[in-house]
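I opened this structure to look up a few local features. My notes follow the order in which I checked them.

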Amino acid sequence: MHKKMAFSFPDEVLEHVFSFIQSDKDRNAVSMVCKSWYEIERWCRRKVFVGNCYAVSPRMVIRRFPEFRSIELKGKPHFADFNLVPDGWGGYVFPWIAEMAGAYPWLEEIRLKRMVVTDESLELIAKSFKNFKVLVLSSCEGFSTDGLAAIAASCKNLKELDLRDCEVDDLSAHWLSHFPETYTSLVSLNISCLGSDEASFSALERLVRRCTNLKTLRLNRAVPLDKIANILRHAPQLVEFGTGTYTADVRPDVYSDLAGVFSSCKELKSLSGFWDVIPDYLPAIYPVCSKLTSLNLSYATIQSPDLIKLVSHCPNLQRLLVLDYIEDSGLEVLASSCKDLQELRVFPSDPFGAEPNVSLTEQGLVAVSLGCPKLQSVLYFCRRMSNEALVTIARSRPNFTRFRLCIIEPKTADYLTLEPLDVGFGAIVQYCKDLRRLSLSGLLTDRVFEYIGTYAKKLEMLSVAFAGDSDLGLHHVLSGCESLRKLEIRDCPFGDKALLANAAKLETMRSLWMSSCAVSFAACKLLGQKMPRLNVEVIDERGPPDSRPENCPVDKLYIYRSIAGPRFDMPPFVWTMDEDSGLRLS
Amino acid sequence: MENDLNLKATELRLGLPGSDEPERQMIPRPNKRTLSDIVSEGSRSTTEEDHQDTAPPAKLQIVGWPPVRSYRKNCLQGKKDEVEGGTGMYVKVSVDGAPYLRKIDLKVYRSYPQLLLALENMFKLTIGAYSEREGYNGSDYAPTYEDRDGDWMLVGDVPWEMFISSCKRLRIMKGSEARGLGCV
């Protein structure tokens, strides 16, 4: 007979200890220690994160965490950003809102990514949650300004409304006037994605004027340059600001007004917007440049000399988003001026042109990697690369955590040696031991996947396109990458063998996407049969997969683990393979 | 399997030459580009010869590549009202009675017949012929669009270039409902 340990902490003490543990991963670990910790933890978890809205049902979440205040949900797979997921695939938030509205009215925060949000959902949120504070919609779609009007009108305690990169039906800009005159609690407003040819400037100005706690304001393109001064004048406390269109006839009075108002913004750390920017008005922001840590110029179609001038004024920059107009010369200046740089994203100004339109090559990335000791996250579009450059980059910057390289033309070889870029990317995974995210491009054989499987032990997300020779490539990744959570593949010759041999691995991951590969319908059915805790979705707009021979490759395949079982909201072009070895049509 | 674009001749193999790959079954799909549709670098030309009106257009773009979000592409086109360059112009298409929306890239078409054929293929319906006087009378379905002023118009009423620059979204209505539009 065992003697039980006489002392154990009372629940309240454990709860207090747990309250210092915020990260989702840690909370999950805590809940696995023992049954009583699981119980205590579930009652005091306040923030719930669901990485795939179909992995679990709303009811299951509510049952386990009866008192959460904040929920974050993600819907469509990442490749939906590039139109690879057909419209209507799914990711509807309404069932979640409906369940939560019924379960408890004290929900405060909703954060959604790549989900379909309808006006009905927004209206239900506005009606159901009396203390609603934060709504962040990232890359969502399906709603209009009518839904926003409902939120504005009803959510008296709203602090944050962030619509980043959403597709919104702009019915009317007057939704802003639905914020009552008594409403003053806004802290963060991001409407940069809205179109609205006519914007309700007076309502916007009045809103900004009375919300004295406003810290983040990101305007949309429709707000003209001469309106910005009026808005900023009433919000000198802003920390993050996004302009609208940054062009106007050059007038000294407008310029000095603008410069004056920027000078009074002593807290400004982050700037964005700058659509249609003309260089003449850029110096107006020089007064705030020395304090800037984040600058988003990814819509600024200005040339390298103007970009260089601007960047040289920002020695404390930690995050820069810019178009490839910056060119190698601009990146060299960046490397010497901005020693605190942590994140760099360089977007293509002419993604579909056959010939380069700017002088931006691998040299720019090499310069920044050599010059910026804190650089850890990169997204870089360019037209040529060499193994030599990649090896230099890897050796000089082993602290990369996110490395996404897009060589614009698929299957581009090393321009110096005409060899595949296997060795270069191999160096990246070998030297950057903390690499969590990697996107590959260029000419790549199975060898690069061997390197990745061997070295990329901390890798959580891998994006692959037009690469590899055979199933061996996929096998290396699935069998070697211990931390892999998300794998997305398009246009690669990966087929049944590697997938079926590594079926168990798929249960340890959030999801796998494969499109335009060589996985047969038969293999999908087999996988669905053998792995009940995976949803194996075949997405094929050509018609039912059983109308073609079994060994025919499916168009798109999306596999994710789930404890909720197959979903029932699928459109006609999506089928879930399940144990019944028949097709489940929704 | 041969069609006007002569896919076989321009097909890029998935892998190194000589390696054993199962032949991917190519079923011609309008508006969808697979790896086999990409012409190899050397022969990629910028001349956009018009194949017959009924064939998919000659534009050689891979769906979703390079991986740039649509809102970035739209901004590079300059002012929203201007339509220039070849960076794609996606509009939503709804069909009365269908539960989901689709998106198409208007830049990919050169004329009304091409567009209508693509819509017919995408939604498996018949639209029929347009006549100035009668609209789409006699068809099961009539394509309409919302222009920049927010008005709903019958597809085909204005010259193609004007349509392309003003179309915000498409709606394929049941023929009976569209009768009113045709008589403007």
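**Cysteines, a loop threonine, a helix**

I began with Cys140(A), which counts as buried because its relative accessibility is 2%. Buried means under 20% relative accessible area, exposed over 50%, and partly exposed in between (1.4 Å probe, protein chains only). This is a predicted model: local features need pLDDT of at least 70, side-chain atom pairs count only at pLDDT 80 or more, and totals for chains, interfaces and linings use all residues. Residues are numbered from 1 along each chain as its sequence is written, chains are lettered from A and ligands numbered from 1 in the order written, and side-chain values use heavy atoms, without hydrogens and water.

Cys193(A) is partly exposed, at 23%.

Then I turned to Thr361(A). I located it in the loop between strand E14 (343-347) and helix H14 (362-371) of chain A. Helices (H or I, at least four residues) and strands (E, at least two) are DSSP runs, numbered from the N terminus. Thr361(A) is buried, at 13%. Its side chain reaches the backbone nitrogen of Gln363(A) at 3.1 Å. Leaving out residues up to four places away in sequence, Thr361(A) touches Asp328(A), Tyr380(A) and Arg384(A); contact means heavy atoms within 4.5 Å.

Last, I checked helix H18 (residues 471-480) of chain A. Seven of its 10 residues are buried, so the rest of the structure largely encloses it. Among them are Leu474(A) and His476(A).

Definitions and conventions
Polar contact = N/O pair within 3.5 Å; in protein donor to acceptor, adjacent residues only side chain to side chain.
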